[in-house]
Amino acid sequence: MRKSAFLFGVSLAVLSVSPASANESVFKETENPSNWAMQQGDYSNHRYSKLDQINTKNVGSLRTEWTFSTGVLRGHEGSPLVIGNLMYVHTPFPNIVYALDLDNNEKIVWKYTPKQDPSVIPVMCCDTVNRGVQYADGTIFLYQADTTLVALDAKTGKEKWKVVNGDPKKGETGTSAPLIVKDKVIVGISGAEYGIRGRLTAYNISDGKLAWRAWSTGSDKDILVDPEHTMFLGKPVGKDSSLSTWNGDQWKIGGGSTWGWYSYDPKLNLIYYGTANPGTWNPVQRAGPDGKPIDQKWTMTIFARNPDTGVAAWAYQMTPFDEWDYDGINEMILADDMTINGEKHNVLVHFDRNGFAYTLDRKTGIPLVADKYDPVVNWATAINLDPKSAEYGRPERVAAKSTFKNGQDNNTKDVCPAALGSKDEQPASYSPQTKLFYVPTNHVCMDYEPFKVSYTAGQPYVGATLSMYPPKGEQGHMGNFIAWDASKGKIVWSKPEEFSVWSGALTTAGGIVCYGTLEGYFKCLDQKDGKELYKYKTPSGIIGNVFTYEHNGKQYIGVYSGVGGWAGIGLAAGLTNPTDGLGAVGGYASLANYTNLGGSLTVWALP
């Protein structure tokens, strides 16, 4: 143990003195504002463009420039990539990839259609979504539903290599976009609702060989933490930080999947990501030997890791002993020189499913601000930020909203937010113009009935029945699009929406912020006050992420439309039982009155 601790220490020491850069090709392409060369826009997850041809004065004159049908009728998340004259379009399962020539009327240059076993579809928790391909070194990286990671030649679409990252027969699937850092491509895993054991995995870009794997639960060696140097709230995590917080071997089916968005700080040489809920959703089955709550580290956690070795620099757990499926995978947005209580910090901002927005010092993992970004959140009153308190860093829970009481299941009503959170994976955007974060949110509550469930590999391991609905007294208002001040933990302005806003936001140097709605509206607002400047109804509900690019001197803005995802699973999969779709079908039943299935890309420009 002393030897391994020493080696971990050496890794962290090197990390602190040797500034490193990301993959040079990714830096080059993302620094060119004409491209949209990364799903997140950049390594900081800003989803911000320096393009300003389309701005607050003329955005109202947008017109549809061209459209493209993907040929798949399921939920379309993520966005295309644009690198030079080529656009790379992806689809949900079967995860087709198209390369379109922007110089030749969007002609299809190549098409890649994976051969996947359709038996993977039933074990995809919340629709057959895929959050997009990534680019580096002349290669397009596709992470398929069946967990196959494929490297494709960006010019020809021919396979360079592929590797299998998981086993769908155990409930493991692939839905996230990879992250490319230096010579590695990093991918997560989906499937916490099937009792899988979450992890983050790095493969070599050159040949697809395994570089490192960091599990979310288990031994220090497995989760790649150093008990003496990996920090938690400013102190070493200590030996067996995960194992000591689980009852027996439950960590082996403990969830903690990693299907969200990842970011990277090249100066600190740290990647950031979140882990998901513990399995099962029934907290009684996860209690300690004495029948009392235990933390179940490191589910529901933000990790900072060295991309070269996978070793964790720090970890911060947001919802210990989760009782509501407040999955922690939402994006980590990096912002510099934020003034908080009179001091400047380089921060990480995270809008968690649990309804709290966290602003952390991204070097240390110390929480600086944590406040509700939807006022109806009622499962906790606050996050304890007093370093002297025994409850430091933990939520101050409301006993009446607990689904676990005296070691017994507790049917709980009117819990806000619902399990899909005040925000799910739909990414927010940060504008350096206003220093504000623009956040698509869910305004939804639930009734939660836990029940005992047994584990069988590849079978649902949920253990709860949910009903979802708008907050009491707000029928027909299930979403908000907000502007957030992360230095103060305050909403600056809020625009109500009839349904949850399940689309990723885009901000630009033109002063606009754009997003889509579940009914299918594409909207652009003024970043300063939220005034609506443009609205257009697309063929289907929007759960994709808005993107922009410039070609031949002209700026374009586009988004996928194709209803689905968790909120739209009823339409996407033809479900009608109100409690199906993990409780979403009933909550969003009226969505069918506004939109239907689709799978298309719409692109706008000025006349």
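**Pockets, disulfides and cores**

Modeller: About 430 Å³ of space lies in the second largest pocket. The model is a predicted one.

Biologist: Which residues are the closest to the centre of the second largest pocket?

Modeller: The lining of the second largest pocket is made up of 24 residues. Those closest to the centre of this pocket are Met-124, Cys-125, Tyr-194, Gly-581 and Leu-582.

Biologist: Which element gives the most to the lining of the second largest pocket?

Modeller: Strand E33 (464-469) and helix H4 (569-573) each supply at least two residues of that lining. With three residues, the element that gives the most is E33.

Biologist: How many residues of the lining of the second largest pocket are nonpolar?

Modeller: By class, five residues of this lining are polar and four are charged. The number of nonpolar residues is 15.

Biologist: How much space lies in the largest pocket, and which residues are the closest to its centre?

Modeller: The space in the largest pocket is about 790 Å³. Its lining comprises 33 residues. The closest to the centre are Asp-42, Tyr-43, Ser-44, His-46 and Asp-336.

Biologist: Which element gives the most to the lining of the largest pocket?

Modeller: Two or more residues of this lining come from each of helix H2 (24-31), strand E1 (48-49), strand E17 (263-265) and strand E21 (332-340). The class counts for the lining are 13 nonpolar, nine polar and 11 charged residues. The element that gives the most, with four residues, is E21.

Biologist: How many disulfides does the model have, and what is the pairing of the bonded cysteines in sequence order?

Modeller: A disulfide is a covalent bond between the sulfur atoms of two cysteines. The count in this model is three. Numbered in sequence order, the bonded cysteines have the pairing 1-2, 3-4, 5-6.

Biologist: Are Cys-416 and Cys-445 buried or exposed?

Modeller: The relative accessible area of Cys-416 is 4%, and that of Cys-445 is 0%. Because the cut-off for buried is under 20%, Cys-416 is buried, and Cys-445 is likewise buried.

Biologist: Which strands hold Cys-514 and Cys-524?

Modeller: A disulfide joins Cys-514 to Cys-524, with S to S 2.2 Å, and both cysteines are buried. Their link is right-handed, with 105 degrees about the S-S bond. The pair ties together parts that are 10 residues apart in sequence, as Cys-514 lies in strand E37 (residues 512-516) and Cys-524 in strand E38 (residues 521-526).

Biologist: Which residues touch the most other members of the largest nonpolar core?

Modeller: The largest nonpolar core has 51 residues. One of the residues in question, Met-468, touches Val-444, Cys-445, Trp-566 and Leu-582, among others beyond four places away in sequence. The residues that touch the most other members are Trp-314, Met-446, Met-468, Leu-518, Trp-566 and Tyr-588.

Biologist: Where is Val-185 found?

Modeller: Val-185 has a relative accessible area of 0% and is therefore buried. Leaving aside neighbours within four places in sequence, its contacts include Phe-141, Leu-149, Trp-161 and Tyr-203. Val-185 is found in strand E12 (residues 184-187).

Biologist: Is Asp-325 buried or exposed?

Modeller: Asp-325 is found in the loop between strand E20 (312-317) and E21. Its contacts, apart from neighbours within four places in sequence, include Glu-193, Arg-353, Tyr-448 and Trp-566. With a relative accessible area of 1%, Asp-325 is buried.

Terms used. Residues are numbered from 1 along each chain as its sequence is written. This is a predicted model: local features need pLDDT of at least 70, side-chain atom pairs count only at pLDDT 80 or more; totals for chains, interfaces and linings use all residues. Side-chain values use heavy atoms; hydrogens and water are left out. A nonpolar core is a set of buried Ala, Val, Leu, Ile, Met, Phe, Trp, Tyr and Cys residues joined through side-chain atoms within 4.5 Å. Buried means under 20% relative accessible area, exposed over 50%, partly exposed in between (1.4 Å probe, protein chains only). Contact means heavy atoms within 4.5 Å. On a 1 Å grid over the protein atoms alone, a cavity is a set of points where a 1.4 Å probe fits but cannot get out, and a pocket is an open set with protein on both sides within 12 Å along at least five of seven lines; lining residues have an atom within 4 Å of a point. Grid points are joined across faces, edges and corners, and a volume is the space filled by probe spheres set on the points. Ala, Val, Leu, Ile, Met, Phe, Trp, Tyr, Cys and Pro count as nonpolar, Asp, Glu, Lys and Arg as charged, and the others, Gly among them, as polar. A disulfide is a pair of cysteine sulfur atoms within 2.5 Å.
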